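Subject: Handing over a structure

Hi,

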Amino acid sequence: MAVEFVIVGGGAYGCAVAYHLAAAGASVQVLEAERIADGASGGPGKRGVRANRRDLRELPLMREANDLWPQLAEQLGAPTGYQRTGGVSLIEREVVGVSGGLVSAQAHAAAQTAFGVPTEVWDQERVRSAFPGISSEVRAALHVPLDGVASQAETTAAYAAAARRLGATITEGAPVAEVRSRSAGAAAISASGEQFTASRAVLLAANSGVAELAQTAGSSLPLWTIYPQVLFLTSSEPAQVPLLTGHDHRALSVKILQDGLIMLSGGWRGRRNPETGRGELDPTAVTGNIEQLTTVFPELGELTLVEADASRPESVAVDQVPLIGALTDHVYAAAGWSGHGWALLPAASKHIAHLLLHGERTAELAPLSLARIPTLGGRDA
Ligand SMILES: Cc1cc2nc3c(=O)[nH]c(=O)nc-3n(C[C@H](O)[C@H](O)[C@H](O)COP(=O)(O)OP(=O)(O)OC[C@H]3O[C@@H](n4cnc5c(N)ncnc54)[C@H](O)[C@@H]3O)c2cc1C
């Protein structure tokens with residue numbers, strides 16, 4: 001029997017959109033190749049819920065996400081690990097390229113604040129009072145009090161459980177090989193040849209799998225795959241890093257988890273292992289990431305690496321802003337999260353469900369439309 005919607009991919013987006021569709025009374029089938037949260041929405045630690053220094057096109061969704069995150073656990077009836085820690089982007093240099101440095105700080109703060117993301121510029125004294133052990137090279141910071149962190153594994157499981165309670169079917173171990181658009185509806189065909197027919201639409205929410213599936217529906221999306229690296233370290237001296245911490249020009253992002261465990265990331269990548277098809281660590285990226293940490297926080301003492309991961313793929317869009325929209329009359333895609341899709345989740349998933357249900361995009365979703373790529377614009381205008 002056909003359902004109204006088939007969603008390919010059981011990550012945070014597949015499960016969250018399924019939740020919103022089911023909550024609106026629609027019938028939904030999610031097909032996940034492996035297990036729920038096997039991709040970017042799983043694994044150890046937490047993800048940053050960061051608006052600071054985000055592309056301005058994403059800020060209308062981010063502003064709404066900031067309103068939704070604090071109540072999400074109650075809404076879904078399960079923990080999300082969300083904490084509003086506040087966040088900073090540290091500044092060392094006067095000028096960084098064309099978009100950073102102290103020279104740009106007031107403009108970033110004013111623009112973010114205008115989009116509903118209150119932002120202030122901290123001077124060096126204010127930075128040092130929040131981060132007593134920080135390098136004296138850090139001269140200022142952009143501070144966003146509404147930034148925070150959330151658990152990707154807990155939140156994705158919470159959305160999946162809530163979607164199932166509302167009647168959605170989520171099938172694991174069901175890789176999809178092809179999607180076909182039909183005059184009425186669409187179908188996803190599994191690797192074993194089974195057809196899952198959607199009377200209304202198929203949504204490709206398979207992240208790094210979306211480009212290949214879109215090809216089977218006749219669309220070429222400007223996406224590629226990266227393997228973001230995360231490291232977990234203990235330090236012999238207490239880590240005095242109380243906020244979600246990023247950096248204006250260094251590839252550095254720091255979160256402090258339970259018991260002072262340091263979660264370190266910020267732009268370092270693993271590499272694809274051609275035999276497993278998953279990401280694996282690149283030792284030079286591990287060393288490089290730790291060097292950035294000790295340069296900015298020289299008083300951490302001895303560091304011990306307790307866990308490292310670069311196995312989880314993430315799709316990147318050509319302009320680093322997600323690509324969301326219709327590939328054909330009945331096949332939609334939501335991918336290209338570009339390493340920062342997590343924070344948008346509660347708002348973006350709601351707007352994607354609206355697009356599927358009503359065939360029209362909301363103003364918040366408009367800047368993420370496929371229509372910004374001329375060859376993809378036709379159906380998605
Ligand atoms: C290490 C790391 C750190 C990150 N840190 C941050 C952060 O701090 N802040 C932030 O905002 N964002 C962050 N992100 C990005 C964020 O986690 C992702 O953008 C988000 O989780 C994407 O969710 P998704 O559901 O689209 O994709 P995924 O969670 O990857 O889900 C896609 C699912 O599709 C399945 N699949 C693939 N192909 C097929 C197929 N053919 N058939 C069926 N199923 C298929 C996969 O198995 C997977 O489970 C990070 C990502 C990574 C990897």
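Here is what turned up, going from the whole chain down to one residue.

First, the ground rules. This is a predicted model, in which local features need pLDDT of at least 70 and side-chain atom pairs count only at pLDDT 80 or more, while totals for chains, interfaces and linings use all residues. Residues are numbered from 1 along each chain as its sequence is written, and side-chain values use heavy atoms, with hydrogens and water left out.

The chain splits into domain 1 (3-45 + 152-222 + 317-380) and domain 2 (87-145 + 228-311); the bounds come from an automatic or database domain assignment. Between the C-alpha centres of the two domains there are 31 Å.

Next, the sheet. Helices (H or I, at least four residues) and strands (E, at least two) are DSSP runs, numbered from the N terminus, and two strands pair if DSSP finds at least two bridges between them. An open sheet is built from eight strands in the order 5-6-4-14-15-16-13-19, with mixed pairing. Strand 5 (120-123) and strand 19 (303-309) are its edges, each pairing on one side only. From one strand to the next, the twist averages 25°. Within the sheet, strand 4 (residues 87-91) and strand 6 (residues 140-144) run antiparallel and are joined by five bridges. S89 stands opposite L142 in strand 6.

Then there's helix 1 (residues 12-23). Buried means under 20% relative accessible area, exposed over 50%, and partly exposed in between (1.4 Å probe, protein chains only). Helix 1 is largely enclosed by the rest of the structure, because 11 of its 12 residues are buried. Among them are Y13, C15, Y19 and H20. After helix 1 comes G25, with a positive phi near 95°.

Finally, where does S151 lie? S151 is in the loop between strand 7 (148-150) and helix 5 (152-165). S151 counts as buried, at 6% relative accessibility. Leaving aside residues up to four places away in sequence, S151 touches G45, K46, T80, G81 and W342, where contact means heavy atoms within 4.5 Å. A polar atom of the S151 side chain also lies 3.0 Å from the backbone nitrogen of E154.

Cheers

How values were computed:
Polar contact = N/O pair within 3.5 Å; in protein donor to acceptor, adjacent residues only side chain to side chain. Axes fitted to C-alpha atoms, helices over the stretch in contact; angles between N-to-C directions.
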